[in-house]
Amino acid sequence: MEKHQLWEYRVITAGSTFKTNKDEEVQEFLNQWGTEGWELVAVHILENTGKIRIYAKRALTNPPRSAKRWPG
């Protein structure tokens with residue numbers, strides 16, 4: 001039986017889209033994530049906040065001991 005690829009995710013909400021960091025700073029930040037194995041999968045602009053949310057994933061090499069349930 002084939003094993004399914006397991007993933008771990010990282011989400012960060014960043015500053016303001018109107019007062020952004022320099023492109024070079026953002027690029028350095030994303031490159032650091034890349035060296036850690038993270039792959040950018042989406043960017044979402046949070047309406048009327050001036051903020052963005054960045055989503056990334058990477059292959060999970062050591063499965064967690066227990067899965068966390070979605071709050072609610």
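Residues are numbered from 1 along each chain as its sequence is written. In this predicted model, local features need pLDDT of at least 70, side-chain atom pairs count only at pLDDT 80 or more, and totals for chains, interfaces and linings use all residues, while side-chain values use heavy atoms, leaving out hydrogens and water.

**Exercise 1.** Work out the order of helices and strands along the protein chain.

*Solution.* Start with the inventory: 1 helix and 3 strands. These are DSSP runs numbered from the N terminus, with helices being H or I of at least four residues and strands E of at least two. Next, read along the sequence, and the pattern is β-α-β-β.

**Exercise 2.** Check whether the span of helix H1 agrees with its number of residues.

*Solution.* The expected span is 1.5 Å times one less than the number of residues. H1 (residues 23-35) has 13 residues, so 18 Å should be spanned. The end C-alpha atoms of H1 are 18 Å apart, which agrees.

**Exercise 3.** Find how exposed Phe-29 is.

*Solution.* First locate Phe-29: its place is in helix H1. Then apply the cut-offs: buried is under 20% relative accessible area, exposed over 50%, and partly exposed in between (1.4 Å probe, protein chains only). Phe-29 has 32% relative accessibility, so this residue counts as partly exposed.
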